[in-house]
Amino acid sequence: MPNFYETDFYIWTQEQANLLRHHQWNQLDLPNLIEEIESLGRKERQELRNRLSVLIGDLLKWEYQPKERSRSWLATIRVQRREIIKLLNENPSLKPYLEEALQESYENGRDLASGETNLPLLTFPKQCLYHFEEILSDRFYPGESTTDDLMN
C-alpha cells in the first residue's frame, strides 16, 4: 500500500481512519499518525494564543484610544471571549496553560494594538496588567467608560 502522507495528506487521513475503524493496527502509519495527533494538541494551544492575542489587542485599543471605540471593536471583544470560553470548555486540560498563554499572547496583542492604532509600542505596558478572569469577563472594558449606545 502506498504511503500518501507526503503526497496526498487528505487521502492518508482517510486511510488511517479506515484502518483504525477496522482495527487493522499492523497497517497503520504509526510514526506519522503519532506526529499528527501531537500536532492536534499544539494547534489547540496555538488557537488559544491567537484568540487571546486578538482579544488583548482590542482591549488595549479600547483602553488607549477611547475616542476611536467602535461597535466593530466591541464585537471582536465579545466574539473572542465567547470563542476562548468555548475552547476552554472543550479542552479543560488547557487551563493550567492559561498564565503562560496570557504572557505569550500579550506581546502579540500589544503589537496588534500598536499597529492598528498607530500609537508607539511604548504606549502600552510591557507586561500584561489584565488578569485572566477580567479578560474573559463580559463586564470588563478597560479605561474610561463608554457611551451606552455603543454598548447596547
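**Note on the helix packing and cores of a predicted model**

1. Leaving aside neighbours within four places in sequence, L48 is in contact (heavy atoms within 4.5 Å) with I84, L87, L88, L94, Y97, L98 and A101. This is a predicted model, in which local features need pLDDT of at least 70, side-chain atom pairs count only at pLDDT 80 or more, and totals for chains, interfaces and linings use all residues. Residues are numbered from 1 along each chain as its sequence is written, and side-chain values use heavy atoms, with hydrogens and water left out.

2. L48 also belongs to the largest nonpolar core, which has 28 residues; L48, I84, L88, F132 and I135 touch the most other members. Such a core is a set of buried Ala, Val, Leu, Ile, Met, Phe, Trp, Tyr and Cys residues joined through side-chain atoms within 4.5 Å. Two or more residues each come from helix 2, helix 3 (71-90), helix 4 (98-117) and helix 5 (132-136), and helix 2 gives the largest share, seven residues. Helices are DSSP runs (H or I, at least four residues), numbered from the N terminus. A second, separate core of five residues includes Y5, W12, L19 and L28.

3. R49 is placed in helix 2. Its relative accessible area is 19%, so R49 is buried; buried means under 20%, exposed over 50% and partly exposed in between (1.4 Å probe, protein chains only). Not counting residues up to four places away in sequence, R49 touches Y97, A101, E104 and S105.

4. Helix 1 (residues 9-21) and helix 2 (residues 30-64) pack at about 100°, and their axes are 12 Å apart. Helix 1 is therefore roughly perpendicular to helix 2, a term for angles of 65 to 115 degrees. Axes are lines fitted to C-alpha atoms, for helices over the stretch in contact, and angles run from 0 to 180 degrees between N-to-C directions. Helix 1 contributes F9, W12, Q16 and L20 to the contact, and helix 2 contributes N32, L33 and E36.

5. The loop between helix 1 and helix 2 holds H22 and H23. H22 counts as partly exposed because its relative accessibility is 46%, and a polar atom of the H22 side chain lies 2.9 Å from the backbone oxygen of N18. H23 is exposed, at 54% relative accessible area, and has a positive phi of about 60° although it is not a glycine.

6. N118 lies in the loop between helix 4 and helix 5. N118 is not a glycine, yet has a positive phi of about 65°; with a relative accessible area of 70%, N118 is exposed.

Notes
Angles under 35 degrees count as roughly parallel, over 145 as roughly antiparallel, 65 to 115 as roughly perpendicular and the rest as oblique. A polar contact is a pair of N or O atoms within 3.5 Å; within protein, one must be able to donate a hydrogen and the other to accept it, and residues adjacent in sequence count only if both atoms are side-chain atoms.
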